[in-house]
Amino acid sequence: MEQFLGRFTSVSDKAAGAGFYKGLLTAMIELGAFIGALNQGWIADKISRKYSIVVAVIIFTLGGILQTASMNYAMLTIARLIGGVGVGMLSMVAPLYISEISPPEIRGSLLVLEELSIVGGICIAYWITYGTRYMPGEWAWRLPFLLQMIPSTVLALGILFLPFSPRWLASKGRDDEALQSLGQLRQLPVTDVRVQQEWFDIRAEAAFHRQTNAIKHPDLQRNSKVNSIKLEIASWIDCFRKGCWRRTHVGIGLMFFQQFVGINALVGHCTLRRPKELADREQRIAI
């Protein structure tokens with residue numbers, strides 16, 4: 001986009017080191033996402049899945065504002081890092097919240113729908129950017145940055161009307177609130193046998209988790225900030241201990257090879273390729 005290159009000359013084809021600066025600009029959102037996803041676990045446990053989504057949206061919106069208002073390369077790079085933190089946090093906690101509030105029989109379908117929505121959003125964003133490139137002036141690239149804050153704002157406002165995760169409430173010992181939340185989610189009275197059975201299962205799982213933690217880490221059970229930090233670190237280490245490391249490696253392997261195939265490089269840099277059959281710049285951008 002010529003309007004974008006006019007503002008950020010360091011990534012233009014004629015600039016020295018343009019390849020490095022383009023790669024860095026693209027990679028910053030991935031780095032931010034890594035930081036956000038890595039820290040969202042304890043945040044979601046501390047303030048709830050519901051409010052952690054709101055925090056993630058606030059961080060993402062801050063990044064979006066800075067990207068829209070960027071005046072130089074450094075500002076845009078930092079803005080993408082901040083926005084990436086919000087993306088990573090949402091990528092971690094949104095599937096967690098969906099899986100915890102959804103009925104078991106449609107849990108998989110809802111998670112697939114979430115992934116489908118992500119891919120659909122990416123496609124819509126690309127075509128919006130393709131359309132705005134014909135606008136005169138810098139709003140050709142500022143507008144797409146601005147528009148991404150609309151769905152995030154809708155998410156932040158909408159999540160406030162949804163109940164807390166029953167599993168999170170049970171993990172905090174708030175069993176009665178967990179029952180009320182479960183009844184609201186299932187749209188059934190709390191006395192219904194199905195709601196009662198699921199409530200008992202959730203409470204049993206939460207109690208089992210607490211007892212397992214107490215057995216594995218008896219010295220970290222006192223309620224203090226230091227113990228909370230140590231227990232969080234210990235829980236990460238437990239993932240690689242005997243009895244759990246196989247499942248951990250399966251999860252890591254699936255996510256690693258999903259990205260290792262190079263899909264992000266293809267999506268982020270495909271227009272930089274210049275194959276003979278796509279020599280025309282407009283044709284490459286459309287593809």
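Reply: Happy to! Buried means under 20% relative accessible area, exposed means over 50%, and partly exposed is in between. One thing to keep in mind is that this is a predicted model.

Me: Great. So where does Arg203 fall: buried, exposed or partly exposed?
Reply: Arg203 is partly exposed, because its relative accessibility is 30%.

Me: Which residue does the Arg203 side chain meet in a salt bridge?
Reply: That would be Asp175, with N and O 3.7 Å apart. The pair links distant parts of the chain, since Arg203 sits in helix H10 (residues 193–216) and Asp175 in helix H9 (residues 175–186), 28 residues apart. Asp175 has 23% relative accessibility, so Asp175 counts as partly exposed too.

Me: How many salt bridges does the structure hold?
Reply: There are 10. Arg7, Glu138 and Arg142, for instance, are linked in a network of them.

Me: Let's zoom out for a second. How many helices and strands are there?
Reply: The protein chain has 14 helices and 0 strands. Its C-alpha atoms fill a box of roughly 65 × 40 × 35 Å along the principal axes. Of the 287 residues, 32% are buried.

Me: And what share of the contacts comes from residues 24 or more positions apart?
Reply: They account for 61% of the contacts with a separation of 6 or more.

Me: Back to charges. What does Arg49 pair with?
Reply: Arg49 forms a salt bridge with Asp45, where the closest N and O atoms are 2.8 Å apart. The side chain of Arg49 also meets that of Glu100 in a salt bridge, at 2.9 Å from N to O. Arg49 lies in helix H3 and Glu100 in helix H4, so this second pair ties together parts that are 51 residues apart in sequence.

Me: Are those residues buried or exposed?
Reply: Arg49 and Glu100 are both buried. For Arg49 the relative accessibility is 8%. Asp45 is at 34%, so Asp45 counts as partly exposed.

Me: Which other residue has a positive phi without being a glycine?
Reply: Gln187 is one, with phi near 55°. Gln187 lies in the loop between H9 and H10. At 73% relative accessibility, Gln187 counts as exposed.

Me: Then what is Arg80 in contact with?
Reply: Leaving aside neighbours within four places in sequence, Arg80 contacts Leu25, Thr26, Met28, Ile29 and Gln67.

Me: Now H6. Which of its residues are buried?
Reply: In helix H6 (residues 139–147), the buried residues are Ala140, Trp141, Arg142, Pro144 and Phe145. They pack against helices H1 (2–7), H3 (49–68), H4 (73–101), H5 (107–132) and H7 (149–159).

Me: How do H6 and H7 cross?
Reply: Their axes come within 5 Å and cross at roughly 10°. That makes H6 roughly parallel to H7. Phe145, Leu146 and Leu147 of H6 make the contact with Met149, Ile150 and Pro151 of H7. The residues of this contact divide into 6 nonpolar, no polar and no charged.

Me: Last one: how far is Met149 from Pro166?
Reply: They are 17 residues apart in sequence and 29 Å apart in space, C-alpha to C-alpha. Pro166 lies in helix H8 (residues 166–171).

Me: Is Pro166 buried or exposed, and what does Pro166 touch?
Reply: Pro166 is buried, with a relative accessible area of 1%. Not counting residues up to four places away in sequence, Pro166 touches Glu100, Ile101, Ala178, Ser181, Leu182, Leu185 and Ile202. Glu100 is also the residue whose side chain meets Arg49 in a salt bridge.

Conventions
Residues are numbered from 1 along each chain as its sequence is written. This is a predicted model: local features need pLDDT of at least 70, side-chain atom pairs count only at pLDDT 80 or more; totals for chains, interfaces and linings use all residues. Side-chain values use heavy atoms; hydrogens and water are left out. Buried means under 20% relative accessible area, exposed over 50%, partly exposed in between (1.4 Å probe, protein chains only). Helices (H or I, at least four residues) and strands (E, at least two) are DSSP runs, numbered from the N terminus. Contact means heavy atoms within 4.5 Å. Axes are lines fitted to C-alpha atoms, for helices over the stretch in contact, and angles run from 0 to 180 degrees between N-to-C directions. Angles under 35 degrees count as roughly parallel, over 145 as roughly antiparallel, 65 to 115 as roughly perpendicular and the rest as oblique. Ala, Val, Leu, Ile, Met, Phe, Trp, Tyr, Cys and Pro count as nonpolar, Asp, Glu, Lys and Arg as charged, and the others, Gly among them, as polar. A salt bridge is a side-chain nitrogen of Lys or Arg within 4 Å of a carboxyl oxygen of Asp or Glu.
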